[in-house]
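Please look at the sequence and the 3D structure below before reading the report.

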Amino acid sequence: MAEINKRVGLNIRKYRKKKDWSQEQLAFEANLHRAYIGQIERGEKNIGLINLERIAKALNVTLKNLIG
């Protein structure tokens, strides 16, 4: 998978763990499927901008935080 997918996935995992949330909790807060969150965090899926924005809002971080 592309390096950016891995980087974004690791950033999402980092901010999720800072909130002490499970993947299931993040999925609920972002209105996404738990399995999808796992695939994103492992860098297995290309994430669309709309879903990336949902995750950023759920984690209360900027898109830049997740991409950087």
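This is a predicted model: local features need pLDDT of at least 70, side-chain atom pairs count only at pLDDT 80 or more; totals for chains, interfaces and linings use all residues.

Residues are numbered from 1 along each chain as its sequence is written, and side-chain values use heavy atoms, with hydrogens and water left out.

Helix H1 covers residues 3–18; helices are DSSP runs of H or I with at least four residues, numbered from the N terminus. The buried residues of H1 are Asn 5, Val 8, Gly 9, Asn 11, Ile 12, Tyr 15 and Arg 16. They lie on the same side of H1 because they cover an arc of only 160 degrees around the axis, taken from the directions from the helix axis to the C-beta atoms. Buried means under 20% relative accessible area, exposed over 50%, and partly exposed in between (1.4 Å probe, protein chains only). The face of H1 turned away from the buried side carries the exposed residues Glu 3, Leu 10, Lys 17 and Lys 18.

A salt bridge is a side-chain nitrogen of Lys or Arg within 4 Å of a carboxyl oxygen of Asp or Glu. By this rule there are three salt bridges.

| Salt bridge | N to O distance |
|---|---|
| Arg 13 and Glu 41 | 3.2 Å |
| Arg 16 and Glu 41 | 2.6 Å |
| Glu 44 and Arg 42 | 3.0 Å |

Salt bridges that share partners join Arg 13, Arg 16 and Glu 41 into one network. Arg 16 and Glu 41 are both buried, whereas Arg 13 is partly exposed at 26% relative accessibility.

Key: Helices (H or I, at least four residues) and strands (E, at least two) are DSSP runs, numbered from the N terminus. The expected span of a helix is 1.5 Å times one less than its number of residues.
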